[in-house]
2 protein chains.
Amino acid sequence: MTEDTAKPVRKRQARGEKRMAELLDAAAEVFAEQGFAKASTNAIAARAGASPGTLYQFFKNKQELAEALMARYVERLEAAHGEAFAPQDPRLPLPHLVDRVLDPIIAFDRANPGFHALLADPGVTPELAEAKRPAQQLMFSSLEAIFLQRAPGIPPARLALTVTMTIHLFRGTLPLLIAAEEKDLPLTTMEVKRALIAYLAPLIG
Amino acid sequence: MTEDTAKPVRKRQARGEKRMAELLDAAAEVFAEQGFAKASTNAIAARAGASPGTLYQFFKNKQELAEALMARYVERLEAAHGEAFAPQDPRLPLPHLVDRVLDPIIAFDRANPGFHALLADPGVTPELAEAKRPAQQLMFSSLEAIFLQRAPGIPPARLALTVTMTIHLFRGTLPLLIAAEEKDLPLTTMEVKRALIAYLAPLIG
DNA sequence: TAAAAATACGAGCAACGACTCGTATTAGCA
DNA sequence: TGCTAATACGAGTCGTTGCTCGTATTTTTA
C-alpha cells in the first residue's frame, strides 16, 4: 500500500529557477498584452527565448503557468504591502491612511500590469479563479483589519459590505491608474483618493 | 468609373431578421458565459438552432457578430436611458438624480449580462474596441450634460475627469450588482449610490 | 407558375494552438 | 572521469475553431 506515485522529488537547479522566472516574466507580458485566452504558450516560450518543450518542463499546462504567475504576484504583493497594511495608529487622519495604503498598491499595479490583466480577465476557468483567491483574500482581510481597528463597533455584515465595495470602487479606477501617463498620475491618483475618502469618511473618518 | 463593388443590396426577409435576432441572442448568452475569445461561432450557431453556414450568411465573421451585438445593446441602452438621461431640473436633490439615472442602468445591466461581459473583455481586438466606443460615448456625454447643467462654471478638464471617474467607479461595482441575488440587490444598490453621492456632492451637490 | 433571390444546411478545409516525445546538451556528484 | 538527472530543443500530433462551399429549400417577384 505504499504510495509509489507520491512525488518524483525533482531537484531544481539554479538554471531551472532562472528559466522559470524568465518564463513567468514572458507570460506576464503576453497575458497583459493579449489576455489569458488569446495568449499562446508557444508565443510565451518564444518571448522567453525558450522552446515549447522547455516551458512544459516547468509547467504542466497553461493553467498552471497562470497559477504560478499569480502565486508570484501574491508573494510580491505581500512584500510590497507588508508595511502599508500593518497596524496603523487608529487616530491617523483618513487621508493619510488612504495615502499610506493606496500609494504602494498603485505603484505595484502600474509596475505589474499582468497582475490586473489576469485578475480582471473574465474568460477564466475555475482553476484560475481558485488561484486568484489568495490575492483577493489578502486584500480583503487586510482592509478588514484596518477598518475594524478604526470602527470597532461596526456590525460584521456592514464591515464586509464596506470592504467589498471599497475594493470594487478602487478596482474600477485601476484601468485609469494603469493607463495614466506619468504626468497625469498625481491628478488621477488624487481624484481616486478623494472618492474613497468621501465614501469611507462616515464610517471610519 | 462606376463603383460596381458598391453594395449587393440584399433584401432581408422577415425570416432573416428573426434569425439574426436569434443568433444575437445566442451570441449574448455564450459571450456572457465564456467571454469573447473562448466562445466558438459553431457553439453560438448551435445555441441558436442554426448551422455555421447560416450564421455566416448574416455576419461576415466573429468580429462583426460581436459588433452587431454591441450595436443592438447601444440601441436598447438609448431607449432605456432616454428619459433617465434627459434634461433634469437642476434643483433636483442629488440623491434623487442618482436614483433616476442609476436605476435604469442597473436594471439594464442585470437584464443584459452579455453587455458588460463584452465591454469588460480585455482580450478584444481594435475593431471591437471601436464597436464599444458608441456605448462609452453615450454614457460619457449624457453624464457630462447633466453635470454641466448642475455646475455651469466647472472647468472642462475637471468636468471630464469627474465624468470619467464616475463611470469607472460605477463600473467597478457592476460585477457586484450583476451577481447580486434579488434579495441583496437593494442593499448593494444603496451602497453604490451612497458612494457616488459622496463623491459627487462637493461638485454638483 | 417559373425564375430569381434569400435562407438553410453541414461536411469539411486550413490554420492554429496546447501539448508530447525522442534526442541532445549541461550540470551535479561519486 | 564516468554516471545520473536536470535542462533544452523543436518537429510533430491531435484536437479545436473560424469559416467556406456545394447544394437544397423556402419566399418573393414577374
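Modeller: A helix (H or I, at least four residues) or strand (E, at least two) is a DSSP run, numbered from the N terminus. This is a predicted model, in which local features need pLDDT of at least 70, side-chain atom pairs count only at pLDDT 80 or more, and totals for chains, interfaces and linings use all residues. Residues are numbered from 1 along each chain as its sequence is written, while chains are lettered from A and ligands numbered from 1 in the order in which they are written.

Biologist: Which element gives the most to the surface near DNA strand C?

Modeller: A residue is near a strand if its C-beta atom, placed from the backbone, lies within 6 Å of it. By that criterion 24 residues surround DNA strand C, with A:Ser40, A:Gly53, A:Asn61, B:Gly16 and B:Gly53 the closest. At least two residues each come from H1 (14-38), H2 (41-47) and H3 (52-58) of chain A and from H1 (14-34) and H3 (52-58) of chain B. With four residues, the element that gives the most is H3(B).

Biologist: How many residues of the surface near DNA strand C are polar?

Modeller: Ala, Val, Leu, Ile, Met, Phe, Trp, Tyr, Cys and Pro count as nonpolar, Asp, Glu, Lys and Arg as charged, and the others, Gly among them, as polar. Five residues near DNA strand C are nonpolar and seven are charged, and the number of polar residues is 12.

Biologist: Which element gives the most to the surface near DNA strand D?

Modeller: DNA strand D is surrounded by 23 residues, the closest being A:Gly16, A:Gly53, B:Ser40, B:Gly53 and B:Asn61. The greatest contribution, four residues, comes from H3(A).

Biologist: Which residue of chain B has the C-alpha nearest the axis?

Modeller: After least-squares superposition on the C-alpha atoms of residues with pLDDT of at least 70 in both copies, a rotation of 180° with 0.1 Å of shift along its axis places chain B on chain A (RMSD 0.1 Å). The copies are therefore related as by a two-fold rotation axis. At 1.8 Å from this axis, the nearest C-alpha in chain B is that of B:Gly172.

Biologist: Which helix gives the most to the side of chain B that touches chain A?

Modeller: With contact defined by C-beta atoms, placed from the backbone, within 7 Å, chain B and chain A contribute 23 residues each. H6 (113-120), H8 (156-179) and H9 (185-204) of chain B each supply at least two residues of its side. The copies meet through the same surface, because 100% of the interface residues of chain B are also interface residues in chain A. In chain B, the greatest share, 10 residues, comes from H8(B).

Technical notes: Contact = placed C-beta atoms within 7 Å.
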